[in-house]
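Dear colleague,

I am handing over the structure we spoke about, and I would be grateful if you could look through it alongside the notes that follow.

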Amino acid sequence: MYYVVAATTNPAKINAILQAFNDTYGPDSCRVEGIDVDSGVPSQPMGDVETRSGARNRVMAARQVCPEADFWVGVEAGIEDNMTFAWMVIENTHLRGESRSASLILPESILQGIIEGRELGHEMARLTGITDIKRQGGAIGVFTAGKLTRSSVYYQALLLALVPFNNAIYQTSRGRGG
């Protein structure tokens, strides 16, 4: 059984991580533990680079807290231009896999609050009245009427980030700069 450390305590992110690992390695193949670590970036990351750095920083911090784990996973949501998205970073002792999620365009009423320095989660709570929305379906759930959720979009990106750990082509190209 794999010991997976999720560098988050957010249930939406942990559920996506658990599902991706179970679908990749088989049901009940892992134990996921969520831990609270600092991302090293603002609470509302802006731009691709800052968001990816946040996910990588989370993995680095999780490795320091739980060095005995088999995998460390960082998920960081951010905003670039007028869209929200997230970066997934997964590491074991030998490899790193990364993937960026699908993006969702945000309405001007939400973007204005973000420009003024508020987080997407706070703006969504103000708009919908749903407190702690980022720990549930998120903006994605609200704007797709539940057809997609934060977890379902993260799940897909996590499956893609797991590819280097389970595909022979990635394994053989590692020594050639791949």
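Helix 3 is followed by Gly 117, whose phi is positive, near 105 degrees; helices here are DSSP runs of H or I with at least four residues, strands are runs of E with at least two, and both are numbered from the N terminus. This is a predicted model, in which local features need pLDDT of at least 70 and side-chain atom pairs count only at pLDDT 80 or more, while totals for chains, interfaces and linings use all residues. Residues are numbered from 1 along each chain as its sequence is written, and side-chain values use heavy atoms, with hydrogens and water left out.

Helix 3 itself spans residues 108–115, and within it Ile 110, Leu 111, Gly 113 and Ile 114 are buried, where buried means under 20% relative accessible area, exposed over 50%, and partly exposed in between (1.4 Å probe, protein chains only). Seen down the helix axis, these buried residues fall within an arc of 160 degrees, so they line one face of helix 3; the arc is taken from the directions from the axis to the C-beta atoms. On the other side of the helix, Glu 108 and Ile 115 are exposed. The buried residues of helix 3 pack against strand 3 (71–80), helix 4 (120–128) and helix 5 (138–143), contact being heavy atoms within 4.5 Å.

As for the cysteines, a search of the whole structure finds zero disulfides, a disulfide being a pair of cysteine sulfur atoms within 2.5 Å. The sulfur of Cys 30 is 15 Å from the closest cysteine sulfur, that of Cys 66, which is too far for a bond. Cys 30 is buried, with a relative accessible area of 8%, and Cys 66 is buried too, at 6%.
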